[in-house]
Amino acid sequence: MTPKWLESFALTAAISLLVVNFTYKAFSLTWLLRSQEPELINNGIWEIDRPPVALAFDAGLHYDLNASAAWAALVPGDGLVHLGPAREPFLVSMLHQLRCLDVIRDQLAKPLAARTEQPARHCINYVRQMILCRSGLELDAYQYPSNIKPVEPHPERRCLDWRKVYEAVEENQREHAAWLGAREMRAEL
């Protein structure tokens, strides 16, 4: 038979170890959550405040098949952002989609014999998936502006401000370039 004081000591030690364990786990979880940059939250969505804006649709006057410079300008830099403490590279989905449309446009502008199937195949499937995943339920008039008597000659849509994405991407790219420069300077020392 064990003495009463030994049972009390063992119970107190076990409870103390559980409290220390719980405190350690709570502290570790809090530290982990705080050490993560707030840029990546919500299951891989980069949170950027994007107020609604109106977008008047044009008939593609600026972005035809031969407007390589206009299409290339839609993706700032390489389109990558670097997030988190490890500054991992990500491609913002909006920019990935625009880059893919440019790849498809480029392939269509080339003669058939000069086309490359692989990047266009990836892009067609990627854009298809994004349309299925994120498509809206706005109703488009059946007759488009190119028709003789369009139902809606200058359709306008309520969109989320895409300019805020560009601003955030460009700021992130400037910060990353500065971070790389500082890292290279430290490496030289």
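Trainee: Why does R163 count as partly exposed?
Mentor: In this predicted model, R163 has a relative accessibility of 44%, and since buried means under 20% and exposed means over 50%, with partly exposed in between, R163 counts as partly exposed.

Trainee: What makes D161 and R163 a salt bridge?
Mentor: The closest N and O atoms of D161 and R163 are 2.9 Å apart, and because the rule asks for a side-chain nitrogen of Lys or Arg within 4 Å of a carboxyl oxygen of Asp or Glu, the pair forms a salt bridge.

Trainee: Why are K164 and E167 separated by about one helical turn?
Mentor: Both residues belong to helix α5, which covers residues 162–188, and because they are three residues apart there, about one helical turn separates them. R174 and E171 are likewise three residues apart in α5, and they form a salt bridge with their closest N and O atoms 2.8 Å apart. E171 counts as partly exposed, at 34% relative accessibility.

Trainee: Why does W5 count as exposed?
Mentor: W5, which is found in helix α1 (residues 4–35), has a relative accessibility of 61%, and because exposed means over 50%, W5 counts as exposed. Together with L6 and F9, W5 makes a nonpolar surface patch of about 380 Å².

Trainee: Why are α3 and α4 called oblique to each other?
Mentor: Helix α3 (residues 93–109) and helix α4 (residues 117–134) pack at an angle of about 135 degrees, with their axes 9 Å apart. Roughly perpendicular covers 65 to 115 degrees and roughly antiparallel needs over 145, so the two helices are oblique to each other. The crossing of α3 and α4 is left-handed.

Trainee: How many helices and strands are there in the chain?
Mentor: The chain has five helices and six strands, and along the sequence they follow the pattern α-β-β-β-α-β-β-α-α-β-α.

How values were computed:
Residues numbered from 1 in each chain as written. Predicted model: local features only at pLDDT ≥ 70, side-chain atom pairs only at ≥ 80, totals over all residues. Heavy atoms only, no water. Patch = residues over 30% accessible without salt bridge, like charges linked within 9 Å, V, L, I, M, F, W, Y side chains within 5 Å. Areas by Shrake-Rupley, 256 points an atom, 1.4 Å probe, with all protein chains shown as cover. Helix = DSSP H or I, 4+ residues; strand = E, 2+ residues; numbered from the N terminus. Buried < 20%, exposed > 50% of the residue type's maximum accessible area, 1.4 Å probe, protein only. Axes fitted to C-alpha atoms, helices over the stretch in contact; angles between N-to-C directions. Parallel < 35°, antiparallel > 145°, perpendicular 65-115°, else oblique. Left-handed = near helix turned anticlockwise from the far one by under 90°.
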